[in-house]
Amino acid sequence: MSDADAEAEPIDVDFGEDGLVPAVAQDADSGEVLMLAYVSPEALERTRETGEAHYYSRSREELWHKGGSSGHTQSVREVRVDCDADTLLYLVEQEGGACHTGHRSCFHRTIDGENVGERVFDPDEVY
C-alpha cells in the first residue's frame, strides 16, 4: 500500500521546549518563498480556524495575525508539516507584500547585499 492509499491521520506537531516551530510561507502558485516566522500551538489553531496566517512574534511575545495592521494578509491554502513534524510550510495567497520593508518577499537580498526583490509598498505609508 502506498502512502497515498493510507488513511490520513492528523499529525502531532512537535513544538519543542520553547513551544514554537518555524514556518515557511510560500506562494502557492509561483513557489516563491515569502518569509519565515514562528508558530505557536495557538497560532496554528487560529490559522486553521480562519484560513489566514497567524504566527507568534518572538520580539513582541504575542500572537500575530499576518496583515492585521497592514492589510497584507496571507490566505492559507494548505499547511504542510515536515518529516520530523517540527517545521511547517504554509502555502499561501499573498495580498500585497510579505515583508515589513515593503518587499514582496523577505528574501529580497543576496548575501553580498544585492537587492534582487521587488518593492511593492512603502512601509512609511502602511505602518
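These are my notebook entries on what I looked up in this predicted model.

**Ground rules**

I number residues from 1 along each chain as its sequence is written, and my side-chain values use heavy atoms, with hydrogens and water left out. Since the model is predicted, local features need pLDDT of at least 70 and side-chain atom pairs count only at pLDDT 80 or more, while totals for chains, interfaces and linings use all residues.

**Entry 1: the whole chain**

I started with the secondary structure, which comes to two helices and six strands. I take helices (H or I, at least four residues) and strands (E, at least two) as DSSP runs, numbered from the N terminus. Along the sequence the order reads β-β-α-β-β-β-β-α. The C-alpha trace spans about 50 × 30 × 30 Å along its principal axes.

Next I checked burial. Of the 127 residues in the chain, 34% are buried. Buried means under 20% relative accessible area, exposed over 50%, and partly exposed in between (1.4 Å probe, protein chains only). The accessible surface comes to about 8200 Å², and carbon and sulfur atoms own 43% of it. Those areas are from the Shrake-Rupley method with a 1.4 Å probe; for residues, only the protein chains shown count as cover.

I also looked at contacts, meaning heavy atoms within 4.5 Å. Among those between residues at least 6 apart in sequence, 38% join residues at least 24 apart.

**Entry 2: the annotated span**

The UniProt record, an unreviewed entry, has "domain: Phosphoribosyl-AMP cyclohydrolase" over residues 35-108. UniProt positions are in the numbering used here, feature names are shortened, and annotations may be inferred rather than shown by experiment. In the model, residues 35-108 are 14% helix and 38% strand, and the end C-alpha atoms lie 10 Å apart.

Which residues of α1 (residues 41-50) are buried? I found Ala43, Leu44 and Thr47. Looking down the axis of α1, I see these buried residues fall within an arc of 100°, so they line one face of the helix. The arc is that of the directions from the helix axis to the C-beta atoms. The cover over them includes β2 (33-39), β3 (54-57), β4 (62-65), β5 (74-81) and β6. After α1 comes Gly51, with a positive phi near 80°.

Then I went to the largest nonpolar core, which has 18 residues. A nonpolar core here is a set of buried Ala, Val, Leu, Ile, Met, Phe, Trp, Tyr and Cys residues joined through side-chain atoms within 4.5 Å. The members that touch the most others are Met35, Val39, Leu44, Tyr55, Leu88 and Tyr90. β1 (21-27), β2, α1 and β6 are the elements giving two or more residues to this core, and β2 gives the most, with four.

I picked out Leu88 and, not counting residues up to four places away in sequence, listed its contacts; among them are Val13, Val21, Val39, Leu44 and Val79. Tyr90 sits in strand β6 and is buried at 0% relative accessible area. Its side chain reaches the backbone oxygen of His54 at 3.5 Å. I count a polar contact as a pair of N or O atoms within 3.5 Å; within protein, one must be able to donate a hydrogen and the other to accept it, and residues adjacent in sequence count only if both atoms are side-chain atoms.

**Entry 3: two serines**

Is Ser105 buried or exposed? Ser105 is buried, at 6% relative accessible area. I found Ser105 in the loop between β6 (88-94) and α2 (123-126). Its side chain reaches the backbone oxygen of Val33 at 2.8 Å, and a polar atom of that side chain lies 3.4 Å from the backbone oxygen of Leu34. Leaving out residues up to four places away in sequence, Ser105 touches Glu32, Val33, Leu34 and Cys99.

Ser57 lies in strand β3 and counts as buried at 7%. A polar atom of the Ser57 side chain lies 3.1 Å from the backbone nitrogen of Arg60.

Most residues other than glycine have a negative phi, so I noted the exceptions. Glu61 has a positive phi near 55°; Glu61 lies in the loop between β3 and β4 and is exposed at 62%. Ala85 has a positive phi near 60°; Ala85 is in the loop between β5 and β6 and is buried at 11%.
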